[in-house]
Structures are given as C-alpha cells and as structure tokens.
Amino acid sequence: MVDWGRLELEQIGIVASPSRETDADCILQEGKEKEVTSETLVLIDNRNGNKVLAVCRGGVGLNDNLKINYYNPGVAYARSGKSASVAKEFFSFKLVVIGDVTDGEIRQNKTIIAPASPVYKFKEGTNPMELLGSAKHTLGYYAMGSPQWKVPILAEYIPHHIGVFGVTGSGKSFLCRYELIPLLQRAGYDILVFDWKGSDYAPYYPDSVINMGDIELDEASVYEYLLERLDRFGSGKIAETLQRYLEEVILGGAWRGSDPHETISRLKDAMMKTITEENLEKSGSLSKWGEIYARRAEKYLSRLRPEDVRPVMGKLSALEIIKRLREKKVLVIDLSYGSKEQKLSIFLSITRRLKELMEEKNRLDIAVLVDEAPQYCPWNPRGIEEETTKHIIGLAALGRSYGLSLILVSQGIAGEIGINAAVRRNLNTLFIGKIHPLDAMEAEKFFATSWIGADSLLRLPEGQFYMVGKMNPSPIPLLITFQIEEGEKIRHGKR
Ligand SMILES: Nc1ncnc2c1ncn2[C@@H]1O[C@H](COP(=O)(O)OP(=O)(O)OP(=O)(O)O)[C@@H](O)[C@H]1O
Ligand SMILES: [Mg+2]
C-alpha cells in the first residue's frame, strides 16, 4: 500500500473540462508554467475517488487578446510594437494517463477524471517510480526527474527481445554499455556482443574480446562465405552445378590446410576431384561438360587470395566461445576487419550453435547484442543477408521459450535505413532516441495515443530514449536517460 501522507506533493493546477478516463487537460496555477514541462509526472487526486498517475505532454499557452485568426485590438497593439495585456493569459498541459495507482500497483484507469480535480507534481525527494509497482530491476532514471527516480523494468520480458533505435550520435551504444548490458547481467543473462566496428564495445571489455580471425566457422558458414568470395561461380546452370560441388567439398572436410596457401591448393584439388568423379565418361576421360566445369572452376578459384581464406581457418569453435562467455559473463566479438560476408558468417556460425542448443531444449539465459543491425537483417536482404535475416527470426521465436534475448541496435527503424519488418515484429520492447527524419512516420506509430509527436522525437537530446513496450510497466512510453562518466562526454564526431 502507498502511504499517501508520506508523499511530498505540490499542487500545480486543476483538471479542465472536458476530461476523460485516459486523458485530461490541466490548467496550471499562475507561475507553475515555469516549473512544469512536458514529461513532468503528475498525480491527479481524482474527485471521483481514485489516484491517477499521468504525464504532462502537449502544452499550450493561451491569451484571448492575442488571437491571430482575425484582426483585433491585441493584434493592432502587436503591430504597432506595443506590448499586449497578459491579464487573460493561461497555460495548460495535456495529462496523458499512465494508470490508476490507488492500491500501490498500476492498473488501467477506468474512472472518469472529474474536472476541477487537483493535480500535483512530485517534489524531488518523492519518487513517483515507486507507484509503477515493485519491479525488481531498474534501468536508467526518469529523464524529467532526479537520478534517484530509477525506472522499473519487467525483466520477465527480456527474452521477448529489445530494439534500440536512434540516429548516429543519439547514444545507442552508450545506452547499451551503461544500462542495458548491466541490467541484463543483473537479470542473470550472459551477454554476447557482436561489435561490427570494433570501437563501440571491444575497447571497454579488454579482457573479454575475441577477434573474428580466431573463430572457427561451421561448414554452412564456410560454404556461404566462400561462395560469396567466388562470386557464386558466375550465373546459370554451370554455376549452380559448381555451387553443389563446392558444398560437397566443404562437407567432405578435406579442404582444410595448415596455412592459407595449403588451404587454397587443397580446395582446388578437392573441387577438381569432385568434378572429375562426377563427369567421367565410360572411356575414363573427362566428359565435355566436365571440361567446361573444370575450366569455370579454375577461373574462379584462381582468384582466391590467402587473405580470402584466412577467415575460414580460425580454430575457436562456437562451443568454446559459449564456454568462454559463461566464464566472462560479457564477451565481445570484434568484427572490425574483414568483409561483410566474413562478419555475417561468424555471426551465423556462433548463433547457429545457440539455436541447436535451444532445439535440444536447453535454457540459455544469454543475450545477443547486435549493433548495426541493418547489416544483418536489412529491409530487403540479399545473398548472405537473407540467411542471417531468416536465422534471426528463428532465434527470436525459440528465444522466447529458452531464454535467448536479442538486442538489435539500429540507426533507422523502417524502410531503407531500418531493419527487416519481419524481424522488427519480434522486438517487444523498444528504446527510441532521436530519430531520422525518414523515420518520422514509422516512429509515430509507436506513440499513437500518447501525445508524443515526430517533432519531439526529431529533437531528443543524446542519451534520452523513450521506452516503449512490454518491459515498461507503464502502458505509455516513458522518457528515460542515464548518467555517463565525465571523461566520456565528448561530442560525437569530434572524437
Ligand atoms: N546519457 C548521456 N548523457 C550525455 N551524453 C551522452 C549520453 N549518452 C551518449 N552521450 C554522448 O553521445 C555520444 C554518442 O553516443 P553513441 O556512440 O552511443 O551514439 P550511437 O547512437 O551509438 O551512434 P552510432 O550510430 O554512430 O554508433 C557519446 O560520445 C556521448 O558523448
Ligand atoms: Mg553506436
């Protein structure tokens, strides 16, 4: 139960008419417009009998003397450079209802908010977050409050997956490093980070970094990777046959050498052997088709350089990586060098093993953090991206049951700059920071009835994010932020 007498509140105004059960307008007392801002949390002592927690949004200033829709004395004053009367001026805010908090837990408010009900703001020493229920975990703090106002989080929804969105420099990687990773750890998850650029996470976990070159690729990933390196042997029927032969060779395993040169020559030998075996004529010589295959294979294989095969020569298996993750609790895969295919092959190799473990009905309690998510699952995936996109959707479905949480970080939400729509549907909690203008329409969908418009999303300062969705105990988005160390307050782009 909430001890209402203990809460330190300060009246800021009263409810105006008309009012509803989901929102109301608040007329501010004189002078309070300087203290109350959008996103200020308020308590409505509803004259109809309950207590309602709400947030101020959509403020308005009104002065009848200064209406601009017709010529009037106020307009005349303004035109002549004189100041107009402010006697009839007043300010109001839209109060967006979070819920009925009368009984110390948050419930949907079903009681009409009575006009003239008093509206209070919380003094700094009183933490309104306590009214959001007794969640065990918290993340950051309420952006328009004090750092003590830690925002409660429903940790049971972590495996329903998380999206972090915001333009470059909005603070996504910082949010992950300062808040999400520690939260996931407190909630019992080990965190595997795929650091696309190698600069956002790897330097901060120096003892827990694995370089991409050391990682062993599984056969499917080796095949996909080499296929891309070999330009899929061109196109048409010949290419398709050669692709099939390459798959056989990779599955056969005889292609691995002790160094890149040896690997290339073994790969060539194994391909030629397969071509010969499959295309022998009764006379014992190679068929006409066999010769065509051999020539095409030779042409493409001769393009392979040692640096192309180095990535497939790593020794660290996915299982060993998972074991190391269990020891370190946070493990960063540094993907900073190498081609896109290499990076995605590594992601596939490791997470396929995680998928197998889930298929064998193991509970994982692992969070996979993927920064630069559009590289893995863009809106319109091609080549190896198709495989990673499908795979991520599969991981998301199994993860909900077996404790694998995906945290996908992206600059854009939808369309060309965003992530694949089918993947996005699996992200049930979103942190939305300053958005890209191209995302204005998409982002507004998440804020439909909560009075947050694209205009404010386009202007959010770095480090502020709206939390939307299942992990949020409030049914409407809350604005959160977090403190970073002094030394890290470098302006983005000037590092
Ligand atoms: N909570 C915060 N308070 C103050 N400044 C912050 C906060 N979070 C981030 N910043 C500032 O924002 C800058 C950019 O943050 P960050 O690198 O996380 O952006 P990003 O969204 O990951 O960008 P990119 O998409 O380019 O990777 C940081 O260098 C830091 O100075
Ligand atoms: Mg980043």
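Reply: Start with E39. This residue sits in the loop between β2 and β3 (41-45). Bear in mind that the model is predicted.

Me: Which residue after α9 has a positive phi?

Reply: K361, which follows α9, with phi near 70 degrees.

Me: What makes the bond between S17 and P18 a cis peptide bond?

Reply: Omega is about -5 degrees there, and the bond joining S17 to P18 is cis. P18 belongs to the loop between β1 (9-15) and β2 (23-28).

Me: Why are α8 and α9 called roughly perpendicular?

Reply: Take the angle. Helix α8 (residues 318-328) packs against helix α9 (residues 340-359) at about 75 degrees. The range for roughly perpendicular is 65 to 115 degrees. The value falls inside that range, so the two helices are roughly perpendicular to each other. Their axes are 9 Å apart.

Me: Which residues make that contact?

Reply: From α8, A318, L319, I321 and I322; from α9, S349, I350 and R353. By class, five are nonpolar, one is polar and one is charged.

Me: How do you know that the length of α9 agrees with its residue count?

Reply: At 1.5 Å a residue, the 20 residues of α9 should span 28 Å. The expected span uses one less than the number of residues. The end C-alpha atoms of α9 are 28 Å apart, so the two values agree.

Me: How are the domains bounded?

Reply: The domain assignment gives domain 1 (4-130), domain 2 (150-217 + 314-488) and domain 3 (221-312). The C-alpha centres of domain 2 and domain 3 lie 36 Å apart. Their contact takes 13 residues from domain 2 and nine from domain 3.

Me: Which helix gives the most to the side of domain 2 that touches domain 3?

Reply: α9, with five residues. Both α9 and α10 (384-402) supply at least two residues each to that side. By class, that side of domain 2 has four nonpolar, seven polar and two charged residues.

Note on methods:
Residues numbered from 1 in each chain as written. Chains lettered and ligands numbered in written order. Predicted model: local features only at pLDDT ≥ 70, side-chain atom pairs only at ≥ 80, totals over all residues. Axes fitted to C-alpha atoms, helices over the stretch in contact; angles between N-to-C directions. Helix = DSSP H or I, 4+ residues; strand = E, 2+ residues; numbered from the N terminus. Parallel < 35°, antiparallel > 145°, perpendicular 65-115°, else oblique. Contact = placed C-beta atoms within 7 Å. Nonpolar A, V, L, I, M, F, W, Y, C, P; charged D, E, K, R; others polar. Domains from an automatic or database assignment.
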